[in-house]
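Reader: I am new to this structure and would like to learn how to read it. Could you take me through it feature by feature?
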Amino acid sequence: MGGFAAVNDDILQNILFRLPALSFATAACVSKSWNKVCDRVLSCPKLASALSLNPSLPDAVKEVLEKVLSGPIRPQFAIASIGLQFSLEAAHQLITEKLGSRIPVITNAACGIIGRDAVTNTMREVRWQMIPEEDGSNSQESDDFNRGIVLIVGFLPGLKADTIPLLRPKREQRVTMIDKFMMDIRDYTASVSGCIAPAGIILFGDQHIDLTPVLAEIDCAMPEETVIVGDASSRFLCRNGHNSQNYNADLYFLDAVALVFARDKDKPHGIGETRFHATLSTGVIPFGPELKAVSVTAKGSECSWLIACMNGYHQILDSQRLLDDISDEMDDEAAALYIGVIQKRPSSIEPEKLELRTYLAFYEVLGGDEQYLVVDGVGIRPGDTFLFYHSDSDTASSSCLNAFENLKVLKTASSSKNRYTIRDAAAADGNGGVFGGLIFSCHYHGESYFDSFPFYSNFPGAPLAGVVCNKEIGRDPSVSSMWQQAKEETPARCSLHVCTTVYLVLLYVPPSSNLLIN
């Protein structure tokens with residue numbers, strides 16, 4: 001009788017594995033024995049993602065939702081990235097209504113999306129220009145401009161996930177509540193895991209807010225094993241999974257939101273471990289001598305006007321002549337130009353401590369005249385040193401290949417036996433390995449540049465979703481100031497990048513595995 005029951009359970013598990021998410025949830029409520037079988041089906045982590053370029057928002061949302069919910073999954077979180085022509089509010093409402101009130105959801109507007117098409121299952125990378133080309137026609141292509149969505153949902157047993165907002169009081173618009181933000185992350189993590197260090201953080205920042213000091217605080221407060229990625233220049237909406245972190249929009253601005261993943265201290269026996277791994281591919285290169293800001297004039301919150309000299313000298317530079325010389329030296333006229341500024345600042349959370357945060361911040365160069373160098377953004381102070389950086393296609397290609405090799409090593413280290421098919425991507429066989437990923441890509445790379453290559457070439461069946469950003473968040477201790485290293489100074493940390501692609505890879509290690517993944 002016991003053998004017959006076991007056979008029945010195997011047959012039932014095989015049937016349940018093929019059910020869509022809603023039917024699977026219903027089946028789990030039939031009886032305790034069915035619920036146990038459902039738990040076995042989802043004993044390993046799973047990601048599901050889909051992309052749609054349908055120009056109708058309701059139809060696009062329907063396509064991606066039907067795809068990600070076409071198999072058994074109990075979503076713990078969802079991230080949706082949409083085209084700029086879609087209504088952020090309408091998209092967020094459609095997704096949250098379908099997924100239910102207890103799932104944390106972040107919906108953001110993006111410059112482009114990456115993922116597998118929900119209808120054709122082909123890998124797509126779409127980068128939209130900010131303004132459609134004006135050719136005087138009313139073509140369907142023009143009507144469909146900046147319309148699309150990519151959605152990813154995840155089930156990560158052994159982890160808990162929720163959104164934590166970074167607020168700013170409307171009465172004191174210059175005061176971002178970084179201390180409360182950090183405390184809320186620590187408190188949430190401690191409440192579910194018993195420690196204060198999350199396993200990973202996916203962060204979305206408002207496009208009008210400089211997240212550089214916020215990321216410096218997070219980088220200093222969190223241990224290196226906490227992986228941090230995201231999009232620092234976005235428009236977004238979010239919902240908390242338990243209504244504990246919802247805020248009053250009449251009293252506060254929402255400057256950023258963190259999707260925090262924390263280890264579950266009540267993880268059931270027999271559940272393995274989900275690990276986060278991040279690698280970066282950069283497309284900028286430094287050049288020229290080290291310069292210093294002599295004076296800085298901020299024009300509102302939009303840009304800064306600098307007077308600069310070579311570090312160690314007093315002669316003021318002719319910024320217009322400097323930019324002309326740079327333009328003559330650069331091979332690519334379309335290359336983006338930045339300054340990378342070393343900023344040493346006291347902690348905004350613990351200002352009484354004398355220790356300074358040292359970090360590298362990038363500012364796009366807008367222009368200049370005989371006296372002033374004009375850059376996008378504020379936050380530079382007199383005495384800050386900087387180098388010029390420019391985007392470089394050869395550097396981007398080489399770095400992309402390095403990212404491919406890094407992920408290839410991860411693939412080999414995680415499992416030499418895994419075959420990454422659509423079915424195996426759910427890690428349902430319990431063998432472990434990479435089961436999905438996220439990409440945060442720079443929009444400057446252009447349509448001919450394929451950022452998904454390092455990931456899908458190594459893990460062709462694993463679910464993947466990506467967002468094209470203006471400023472990419474990726475915590476990487478190895479990225480530091482080259483000239484500071486040469487002078488044997490403490491390297492500047494950099495978590496906010498330009499012309500960079502950030503790869504977040506999710507890896508499952510079974511409970512009985514002896515795999516050692518760094």
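Reader: How much of the protein counts as buried?

Author: Buried means a relative accessible area under 20%, exposed means over 50%, and partly exposed lies in between, with a 1.4 Å probe and protein chains only. Here 52% of the 518 residues count as buried. Please keep in mind that this is a predicted model, where local features need pLDDT of at least 70 and side-chain atom pairs count only at pLDDT 80 or more, while totals for chains, interfaces and linings use all residues. Residues are numbered from 1 along each chain as its sequence is written, and side-chain values use heavy atoms, with hydrogens and water left out.

Reader: What share of the contacts joins residues 24 or more positions apart?

Author: A contact means heavy atoms within 4.5 Å. Among contacts with a separation of 6 or more, 79% are between residues 24 or more positions apart. For a case to look up, take L360 and L496: they are 136 residues apart along the chain, and their C-alpha atoms are separated by 8.2 Å. L360 lies in strand 15 and is buried, at 4% relative accessibility.

Reader: Which strands pair with strand 14?

Author: Two strands pair if DSSP finds at least two bridges between them. Strand 14 covers residues 337-346. With strand 15 (residues 356-368) it pairs in the antiparallel sense over 9 bridges, and P346 stands opposite L356 there. With strand 17 (residues 385-391) the pairing is also antiparallel, over 6 bridges, and V341 has F386 as its bridge partner. Strand 14 is mostly covered too, with 8 of its 10 residues buried.

Reader: Why is strand 2 described as largely enclosed?

Author: Strand 2 is largely enclosed by the rest of the structure because 6 of its 6 residues are buried. Strand 2 pairs with strand 6 in the antiparallel sense over 6 bridges, where A80 stands opposite L151. It also pairs with strand 3 (residues 105-109), in the parallel sense over 5 bridges, and there S81 has N108 as its bridge partner.

Reader: What does S234 touch?

Author: Leaving out residues up to four places away in sequence, S234 touches N108, A109, G205, D206 and Q207. S234 sits in strand 9 (residues 227-239) and is buried, with a relative accessible area of 1%.

Reader: How many cavities does the search find, and what lines the largest cavity?

Author: On a 1 Å grid over the protein atoms alone, a cavity is a set of points where a 1.4 Å probe fits but cannot get out, and lining residues have an atom within 4 Å of a point. Grid points are joined across faces, edges and corners, and a volume is the space filled by probe spheres set on the points. The whole structure has 3 cavities of 30 Å³ or more, and the largest cavity has a volume of about 60 Å³. Its lining residues are I79, S81, V150, I152, F204, L438, F440, A465, G466 and V467. Two or more of them come from each of strand 2 (77-82), strand 6 (149-155), strand 18 (433-442) and strand 19 (464-469), with strand 19 giving the largest share, 3 residues.

Reader: How does that lining divide into nonpolar, polar and charged residues?

Author: Ala, Val, Leu, Ile, Met, Phe, Trp, Tyr, Cys and Pro count as nonpolar, Asp, Glu, Lys and Arg as charged, and the others, Gly among them, as polar. The lining of the largest cavity has 8 nonpolar, 2 polar and no charged residues.

Reader: Is C499 buried or exposed?

Author: C499 is buried, with a relative accessible area of 2%. It belongs to the loop between strand 21 (496-497) and strand 22 (500-509), and has a positive phi of about 50° although it is not a glycine.

Definitions and conventions:
Helices (H or I, at least four residues) and strands (E, at least two) are DSSP runs, numbered from the N terminus. On a 1 Å grid over the protein atoms alone, a cavity is a set of points where a 1.4 Å probe fits but cannot get out, and a pocket is an open set with protein on both sides within 12 Å along at least five of seven lines; lining residues have an atom within 4 Å of a point.
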